[in-house]
Amino acid sequence: MSDIQRYLLDYDKNKSDAVETARQSAMRLQRGDLKLLKLIEEMGEFFNSEDAQIRAKTMAYLAEVLAAVPQKVLALQQRNVLCDFVLSRIEDSAGLGYCARALAALEERGKWDNDRVKTVVETLLEHTHPLREYKQQSERYPVLRLIDTLMARYRDALRSLHESSPDFLSRFILYFDGEKDPRNLMVVFSILRVPMVEWNVGSDAQLLFDSVFNYFPITFRPPPDDPYGITAQDLKDRLRDCIASTPAFAPYAFPALLDKLDSTSMNTKRDVLHTITASVTAYGPRTMSLYSITLWDSLKFEILNVQEEDLAEEALNGLAAIAKTLSQGTPDQLNTYLKPILKECNEHMEDAPTKQSQASARILQKLASVSADVNNFVLGGVLPQLLRLFQTADTIAKRRGLLEVLVQLIRANVQLYGDWRSVGPAGESSSSNALAQAQDQALNILLGGLQNVPVKEVSFRMVCLDGLLQLVKVRQLLNDDDIVRNIELLNTIVIHEESYGKDEVKAAAVNALVEIAHQKPQAVVDKAFPAFMAQLPDKDGESLAYVPVLEAFAKLANEEKVFETVVLRLKNKFATAVQQEASSRYLVALLSALLFALNTGPGKAEQNAQTALYYHDIALPLLKRVSSMDGSHPKAFNDESTLDLVGRICSVIIRAQPAEVQNELALEMYTLFRGVPQEQLPPFGNNTPAEQTKPMVVSTHLLSSFRRDTALPCEVQLLISTLVDFSQQDSLSRMVRLASLRQISLLMNKYIPTSAVRTCMDPLIKPPIDLFSPEKLDPNRIRVIFACLKALVLRNSPSLPSLYPKLLSLLSNPTHGDAVARGFTTLLQPDDLLTKPNHCQISGLHKQKTFALLVPSITQSFREADSAIKPNYLIALSGILKWMPFEIVVEEVTPLVPLLLQSLDLRGEDLVKEAAISTFTSVIQERPKVVEEHAGSLIARLLDNSTPLSSRPTPSQGGAAAQVVTPPSVRAAALRCLALIPTHFRHEVLLPYRRQVVKRLTGALDDRKREVRSFAVRCRTTWLGMDEVGDDD
Amino acid sequence: MKASSHSSARNSSAVRWAPHVTAVRDDRLHEHFPRTSPLSALINTMDIDKENANPTILNPSDLPSRRTDSSIKKREDGGTGLFDDLIPSYTYLSDPFERPVASSDSEDGYAEDIDEQEVYDLISSISDPEHPLSLGSLAVVNLPDIHILPPTSPQSPISTVLVEITPTVTHCSLATVIGLGVRVRLEQALPPRFRIDVRIKKGTHSTDDAVNKQLGDKERVAAALENSTLMDVIRKMHSTCD
């Protein structure tokens, strides 16, 4: 049996076998086992078959063989013969796709000459025109690919074909007419783009344009799981490239596009605007000068009457693109375009502030940032009129409207010429900036407006302030004296102006100073800082006037150029204030400012080169003050919360110190340079006076800032058990106890090596400490348990599976079970000391692990628990869920729903209720199906919690508990959750409840708290807005 | 209401609503709300003949709001609380084992009564049917034109909310629709102990008496609300309220 026979047999049964047969034939050709002539002969009988299918399959075989034959097996002459043969078969309507494949394969195996290319294309056009006659996409696609390849490799041949026969192009264009398949269209667009860009299309321009514009706008939506991955965007991009390809299209493109701009479909308008912008850029100044005004007349409506913000934005881009294109042409062309625009904008400004004056400002801003030429023209055409209108304006609102335009123009200037630190796209040409001529007038108007207008004109002054800031920023515009005038005015506003309303102007003035410090740091340090420092007393009196000044000053640390100066001045001020015995309140304010500066400063203290300096200048002196007994120890340092602040400042600085420095400091961690052996001090010494325990707060922060390899002042297990004992003392103040407990957590997390982590709890679990013994349980022991577990949870300790059951069993403890339950919230609560920057070990999956280990057991125990202790499980569960990312909860939420619903019935457990409601809020949004079946009980419970006093009798606790009032936070949360239900549940589920919900919500509308009322309004509106289908009674 | 009478009310509503409108202009109100025309067509008609296509608009920071109210309590130290967040809210210092001292009673301590500003906040965010702008920024509703009148007698629990609206132009044919939108919004959002009275401010509209008559007539308001096209417009106006 010949190969072709085998191929035909396999073709329908098993395609891959058929392909393999063809590949074998190709190999035999290569080896010489099979002569080409023989191959052709064998096929002959089938090419003459009556059955079109068989003829097509035979051509498929030939195409497969040719595609599989290696290069150079076929000689030029053979290829020519084959080519002629295949071309002769094109007349046969069967197997066109395979003919094209065969031709493509032949072309790949040896470059064709120009005549060959012409013949191929001519033959195709002659016999298969138009291509849409071939119904199968798989037949048309190879033809299109072939032509695309020829277009890519034989440009000259095809162009000469076009140039020698006048009707070729029109036939060529119409050949593709009516193509609908997206894959084919992608190729068609790419083929047609070549004549568009490179050929002289002459009178065929319109035909060519129509052939692609017929597809505009593309509304194709790819089928789901489309294997070809062609998106509507791909088609849109190619089509847009075609339309924008040649200025010859302009006479057809712009009228057609503007016509479609009237469409009611936003997507069509979007497409039109993108295409206009692309075309404008591509068509060049000569063409564009003909259409610029027509386009302006249409595009302006999208901006003056905004329908969708992004359409207005794109229309602005279009206007800017026209200006940009025209600035490459003659000045006349640009002027002709800009004149009517400026005229219309000037007219709109006359009745500012209106919607259209605002739109005009946008247009001018966009145009003015296009190029230096346009900028100068716009400024020249608008500024005189604007200033004249400003002088004659009779209301402050009108003046504001006009200044808004001015500010936009200055902003455009900054975009174009850049600021003091970087050059803009216009390059170093600021000397020709037309704004320079008007700068004095603008500066005086803006300064005057900010200075002289009454403080209650907030929005007017905000505009002035913004304008001044932009003016200061413009590259090489204002001289230093003028900039100083600005800084001084801003200073006066921040420091001396009376407070008004939300103090928006003051806040904006501070931010402006920060921005100016970015541009001109030295001017700010020289002019603004002395004024600030003058307002900060060395010793404060009764007045609190320093507070806003200090806040503003600390904010300046945001700018890296002045950061160091800010920190230095604050440090010096603090030292002086201590010396002058200033009040504790003032010292705390100064320390807060210092911490704020260090935390928010751009370089952050830790990456700053000055960090060693800060250690010696700031951290060490502060630590010495903490422990000293003489005058350098301010009274404020007797307060634990001040010590906490000190600890935080030191921690920020010490965190970045090298190992040697940390090791040295670690030795003084508890002594703090007191010169007393640490054995006599807390936590080591027994019965130390309360005063001496306070520095433990600072020690905690030091410990948190150390690296994991920093040497501790004693062995870690010993230190842990010492701290456990120490923290059990009843005499400790609350903060010192909490600080000591946190030291236990830090040690367990950072200093227990991985090898020992499984057993590190053993000394505490075993007697004599016996931490988990139910008999010895008391609040302090519970605190220790959770302090240890918190450290282990974060590092995903392997001991957790054995520790958690012990912990859960304590929930049933009749006296302390309640306290244990409350502890669960601490396990996953975010923490400011146990963090990665503090070198703690934090596993990425610790939340998942804890969820998996705890939640199923809690659900299980809850079902079996006595009703008196059931609430403990609900409290514990809420403590865990509160911090659990919702993605973890959502997979397991179904069994939790009954527990959460019962949580809503608890009395007086407001935090638990809030957590439950917040879980429901997330579940309703993400998995409405899960809670939908509980709709009735959920709605009833939420309604119940939406008013201060529940309307339902409490089943378990009787009359006494009815006094419990639902707090506003729970009421608000319940209403917010209830408001989500109509948009996420199926309406047929909800309709039975709608009437009742709407009625009962009138109670919440009259809540005592405004915030609750506003949630009630929103909630009731969504329930009222539910589709009223079927609500006919 | 029985189903049959319900449908008859629907059918007659357009007719009942329209004839009371007296001025020539107002015939267009009728055109605006043909019962059969889809909403999109309706909006298109509006776009084409906007009666005031270029209204004056107020800057958001100039609109009255509770926060700029000078009566609000300032921080006593005159600062902005910049340093309040320095100590994160979840520190080692929060101890869940101590019951929170702040009981619900202290939180609920003082009542915040419904005042004019609150009414203003409810209606100023309604959008104008012609422009995608709020009634507040178009100065159609203004805080000084909102009054809460206490109950007329000590026995009565009923207070009255009086809102006077100012149309952007004196012949605005949509004044009635705006008034209706305000009225519906307040009826949905205020507790039932308030009686709601929405009027056109005297002298700001060529036919203010006629419009006021319509807005004050309970029967006619109820009938208008049965008109689904009209309700669609009002729903769209309310969609910007939060």
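Angles run from 0 to 180 degrees between N-to-C directions, and axes are lines fitted to C-alpha atoms, for helices over the stretch in contact. With that in hand, welcome to this predicted model, in which local features need pLDDT of at least 70. Residues are numbered from 1 along each chain as its sequence is written.

Helix 15 (residues 266-304) and helix 16 (residues 309-326) of chain A pack at about 5 degrees, with axes 7 Å apart. These helices of chain A are therefore roughly parallel to each other. Their contact has 17 nonpolar, nine polar and five charged residues; here Ala, Val, Leu, Ile, Met, Phe, Trp, Tyr, Cys and Pro are nonpolar, Asp, Glu, Lys and Arg charged, and the others, Gly among them, polar. Helices are DSSP runs (H or I, at least four residues), numbered from the N terminus.

Now for some backbone features. Most residues other than glycine have a negative phi, and most peptide bonds are trans.

| Feature in chain A | Value | Loop |
|---|---|---|
| Phe216(A) to Pro217(A), cis | omega near -10 degrees | Pro217(A): between helix 12 (205-213) and helix 13 (232-243) |
| Pro767(A) to Pro768(A), cis | omega about 10 degrees | Pro768(A): between helix 37 (762-765) and helix 38 (779-794) |
| Leu672(A), positive phi | about 50 degrees | between helix 32 (659-667) and helix 33 (690-693) |

Definitions and conventions: Chains are lettered from A and ligands numbered from 1 in the order in which they are written. This is a predicted model: local features need pLDDT of at least 70, side-chain atom pairs count only at pLDDT 80 or more; totals for chains, interfaces and linings use all residues. Side-chain values use heavy atoms; hydrogens and water are left out. Helices (H or I, at least four residues) and strands (E, at least two) are DSSP runs, numbered from the N terminus. Angles under 35 degrees count as roughly parallel, over 145 as roughly antiparallel, 65 to 115 as roughly perpendicular and the rest as oblique.
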